[in-house]
Amino acid sequence: MDTESVQSGGFTYMGRKFSDLGINDDSSSAFSDCNSDRSGEFPTASSQSRRLFLACATDNSDELISQLVSDLDSDNIDEQKQAAMEIRLLAKNKPDNRIRIARAGAIKPLVSIVSSNDPQLQEYGVTAILNLSLCDENKEEIAYSGAIKPLVRALRVGTSTARENAACALLRLSQIEENKTVIGRSGAIAPLVSLLESGNIRGKKDACTALYSLCSVRENKVKAVQAGVMKPVVEMMADLGSNMVDKSAFVLSLLVSLQEARAALVEEGGIPVLVEIVEVGTHRQKEIAVAILLQLCEDCLAYRTMVAREGAIPPLVALTQTGTSRAKQKAEALIELLRQPRSGNAAAN
């Protein structure tokens with residue numbers, strides 16, 4: 001699902017209007033391309049798989065769901081795995097099944113399974129929770145049932161699929177505003193930064209989107225900067241051939257309000273990257289980059305000097321002619337700052 005769209009006067013990303021540098025959340029139901037799991041289907045042509053196909057085809061799945069929920073509490077780990085896998089698949093693409101499964105009492109035993117030390121069982125549990133969380137009715141119950149801490153643990157120590165799906169599930173739960181602080185305090189930020197830095201492309205996307213949601217809360221911004229988020233964010237913005245430039249720039253746009261984030265951005269070589277984006281990026285990328293540079297320079301003469309020495313003025317002048325209306329305004333304001341006499345307080349505020 002495309003989470004980014006252009007609107008008059010700014011951009012929308014994950015349902016939030018990017019109308020200045022600040023981002024106002026005007027949608028409680030927005031989410032990223034963390035949809036249902038993208039794992040494989042049935043590993044074998046077992047009789048259990050055939051009965052699941054039949055249940056999916058006939059919509060007579062209530063009896064099966066009841067049995068599967070019972071099997072989640074089995075003393076036999078193979079039965080637990082089979083039940084969690086089948087619940088995952090029943091919930092993957094059918095919204096009605098997500099409600100049925102939750103009402104049948106699956107959430108609490110699935111949360112217990114997410115805490116399992118068996119990597120495959122944990123992965124199935126995480127993925128089932130993710131698919132159930134796609135139903136807004138289920139998100140509160142999932143959080144209330146104690147899922148956040150086990151999901152954070154899976155994010156830290158799970159298989160690559162479990163880590164990616166845990167990031168998506170935490171994203172879904174973070175769409176309830178009060179969960180954002182709870183998720184951050186449960187230790188999610190550092191492993192999300194780790195996934196952003198070392199995950200595959202899907203993992204990076206999932207981590208970036210989850211961080212964007214969580215970092216609307218100030219204390220999570222601080223945690224992200226302390227966890228070293230600026231290094232992977234700058235690296236992804238520098239890779240102009242990737243599809244991560246916009247996502248990472250939106251994350252940076254939330255963080256740059258912090259003085260420590262601005263210092264980390266400069267330390268990680270962010271100024272040359274932002275200037276290059278102003279020069280050769282897309283219209284949207286240029287608008288975000290110039291807004292970030294403007295906030296970076298507003299209260300710090302030293303940063304203005306660095307931006308000017310990086311050759312920012314010519315592409316900024318060009319942007320005043322060819323950019324969006326908002327980009328033109330930001331570029332003009334930044335040019336005025338950069339052309340002021342190099343004197344005064346050079347300390348960052």
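Tutor: Start with E79, which touches D71 and S74 once residues up to four places away in sequence are set aside. This is a predicted model: local features need pLDDT of at least 70, side-chain atom pairs count only at pLDDT 80 or more, and totals for chains, interfaces and linings use all residues. Residues are numbered from 1 along each chain as its sequence is written, and side-chain values use heavy atoms, without hydrogens and water.

Student: What makes this a contact?

Tutor: Contact means heavy atoms within 4.5 Å. C-alpha separations are given apart from that: E79 and L68, eleven residues apart along the chain, have C-alpha atoms 9.0 Å from each other.

Student: How do you know where E79 sits?

Tutor: E79 lies in helix α3, residues 77–92. Helices are DSSP runs of H or I with at least four residues, numbered from the N terminus.

Student: Why is E79 called partly exposed?

Tutor: Its relative accessible area is 38%. Buried means under 20%, exposed over 50%, and partly exposed in between (1.4 Å probe, protein chains only). E79 at 38% is therefore partly exposed.

Student: Is S116 buried or exposed, and how do you know?

Tutor: The relative accessible area of S116 is 15%, so S116 is buried. S116 sits in the loop between α5 (107–114) and α6 (119–133). Leaving out neighbours within four places in sequence, S116 contacts L121, Q122 and R153.

Student: What makes α9 largely enclosed by the rest of the structure?

Tutor: The count of buried residues: 13 of 14 in α9, so the helix is largely enclosed. Helix α9 spans residues 160–173 and reaches 20 Å from its first C-alpha to its last, close to the expected 20 Å. That expected span is 1.5 Å times one less than the number of residues.

Student: What makes a set of residues a nonpolar core?

Tutor: The members are buried Ala, Val, Leu, Ile, Met, Phe, Trp, Tyr and Cys residues joined through side-chain atoms within 4.5 Å. The largest such core has 106 residues, and I87, L110, L151, L192 and L316 have the most contacts inside it. Helix α18 (residues 283–297) gives the largest share, eight residues.

Student: Which residues does I87 contact, leaving aside neighbours within four places in sequence?

Tutor: I87 contacts L68, V69, L72, I101, A106, L110 and A128.

Student: Why would such side chains gather?

Tutor: In soluble globular proteins, nonpolar side chains tend to be buried together.

Definitions and conventions
Helices (H or I, at least four residues) and strands (E, at least two) are DSSP runs, numbered from the N terminus.
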